[in-house]
Amino acid sequence: MKFAVIVFPGSNCDRDMYHAVKEILQEEADLVWYQEANLENYDAILLPGGFSYGDYLRSGAVASTSAVMKQIKKHAAEGKPVLGVCNGFQVLTEAELLPGAMMRNKHLSFMCHQESLVVENDNSIFTTGYKKGEVVRFPIAHGEGNYFCDEEILEELKANNQIAFTYQNNPNGSVADIAGIINKAGNVLGMMPHPERAVEALLGSDDGVKLFQSMIQNWRDTYARNA
Amino acid sequence: MKKVTVHITLKQGVLDPQGKAIQESLNSLGYQEIQEARVGKYIELQVEDGPDLEARVKEMCDKLLANPVIEDYSISTEGARQS
């Protein structure tokens with residue numbers, strides 16, 4: 001499986017993402033500069049964390065208007081997997097590939113520590129490696145991770161089983177403790193916590209490995225079926 | 001050229017943590033009369049004048065400058081036409 005890690009000016013978790021898929025999962029991966037990106041031959045797109053364009057205007061807003069987003073939207077529309085973590089999640093909501101918006105954390109402070117998450121959906125291409133209700137430990141590192149959506153969208157997210165992860169102890173004020181959501185079609189996941197920083201016991205947790213394994217396994221199953 | 005200003009605020013009903021912090025600070029300075037503070041953005045644009053100026057700026061707000069999920073905006077145009 002071939003992964004593209006999109007690098008925007010200000011991305012700073014791109015190498016962690018690359019390390020996770022390339023070194024830990026032993027899959028093909030490239031760091032792709034956003035302006036030179038040709039995503040046609042990639043199987044999955046990873047949008048890493050960081051501060052694209054210095055968070056100017058709103059986190060992820062400027063990156064969401066860049067030319068590479070057209071390719072990412074096409075890739076997503078074809079049903080191929082897209083994973084956005086932290087700033088990647090912010091970019092996905094700004095690009096309207098996922099519903100809702102990000103606000104400053106409830107207590108305004110930047111937070112950087114491990115959080116316990118509850119797996120809410122074990123039936124998506126990203127989460128089949130987990131069990132519903134399972135508690136996993138991922139680090140968070142964000143100042144604007146307070147997920148907001150209106151009642152109507154929240155009901156829709158619940159009805160379609162689009163909430164992938166919730167926080168056990170909501171650190172940032174997110175609506176309904178939401179830590180990560182999936183689009184309706186099931187191939188785009190955005191989450192504030194960092195699975196790519198939880199891939200080795202050395203890092204304090206390797207709970208993130210199963211997320212990448214799920215993507216790879218599900219892609220192989222689909223690919224094998226279609227081949 | 002025209003100067004167009006865009007004011008962006010969080011929608012009423014959306015919690016504004018920055019505004020809340022400012023309100024509490026003002027209260028602690030003794031300004032008990034402050035009931036609420038809300039923080040927004042002010043963007044100044046120098047735009048070539050045209051017949052659909054306001055509509056185009058509105059489009060810019062919808063596409064980039066404001067996030068309609070959490071923000072409202074208002075547009076005001078000022079300044080006379082310059083040669």
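In chain A, strand S3 (44-47), helix H2 (residues 68-77) and strand S4 (82-85) form a right-handed β-α-β unit. Right-handed here means that, with the strands pointing away from the viewer, the path from the first strand over the helix to the second runs clockwise. Helices (H or I, at least four residues) and strands (E, at least two) are DSSP runs, numbered from the N terminus. The model is predicted: local features need pLDDT of at least 70, side-chain atom pairs count only at pLDDT 80 or more, and totals for chains, interfaces and linings use all residues. Residues are numbered from 1 along each chain as its sequence is written, chains are lettered from A and ligands numbered from 1 in the order in which they are written, and side-chain values use heavy atoms, with hydrogens and water left out.

S3(A) runs parallel to S4(A), to which 3 bridges join it, and Ile45(A) has Val82(A) as its bridge partner in S4(A). S1(A) is likewise joined to S3(A) by 3 bridges, and these two strands also run parallel; here Val5(A) is partnered by Leu46(A). Two strands count as paired if DSSP finds at least two bridges between them. In a regular strand the side chains alternate between the two faces of the sheet. Both faces of S3(A) are covered, with Ala44(A) and Leu46(A) buried on one side and Ile45(A) and Leu47(A) buried on the other. Buried means under 20% relative accessible area, exposed over 50%, and partly exposed in between (1.4 Å probe, protein chains only).

Helix H1 (residues 14-24) of chain A has Asp14(A), Met17(A), Ala20(A) and Val21(A) as its buried residues. Seen down the helix axis, they fall within an arc of 135 degrees, taken over the directions from the axis to the C-beta atoms, and so line one face of H1(A). The strands S1 (2-7), S2 (28-33), S3 and S4 of chain A, together with H5(A), are what these residues pack against. Just after H1(A), Gln26(A) takes a positive phi of about 60 degrees.

The largest nonpolar core has 75 residues, of which Ile6(A), Ile72(A), Leu83(A) and Phe165(A) touch the most other members. Such a core is a set of buried Ala, Val, Leu, Ile, Met, Phe, Trp, Tyr and Cys residues joined through side-chain atoms within 4.5 Å. Helix H5 (residues 209-226) of chain A gives the most to this core, with 6 residues. A second, separate core of 12 residues includes Val4(B), Ile8(B), Ile43(B) and Cys61(B).

Between the chains, 14 residues of chain A are in contact (heavy atoms within 4.5 Å) with 15 residues of chain B. The area buried between them is about 1,200 Å², of which carbon and sulfur atoms give 70%; buried area is the accessible area (1.4 Å probe) that two parts lose on being put together, summed over both. On the side of chain A, Leu57(A), Arg58(A) and Met103(A) lose the most area, together 42% of what that side buries.

Leu57(A) lies in the loop between S3 and H2 of chain A. Its phi is near 70 degrees, a positive value in a residue other than glycine, and at 25% relative accessibility Leu57(A) counts as partly exposed. By contrast, Asn105(A), in the loop between strand S5 (101-103) and strand S6 (111-119) of chain A, counts as buried at 0% relative accessibility. Leaving aside neighbours within four places in sequence, the contacts of Asn105(A) include His142(A), Glu144(A), Asn172(A) and Pro17(B).
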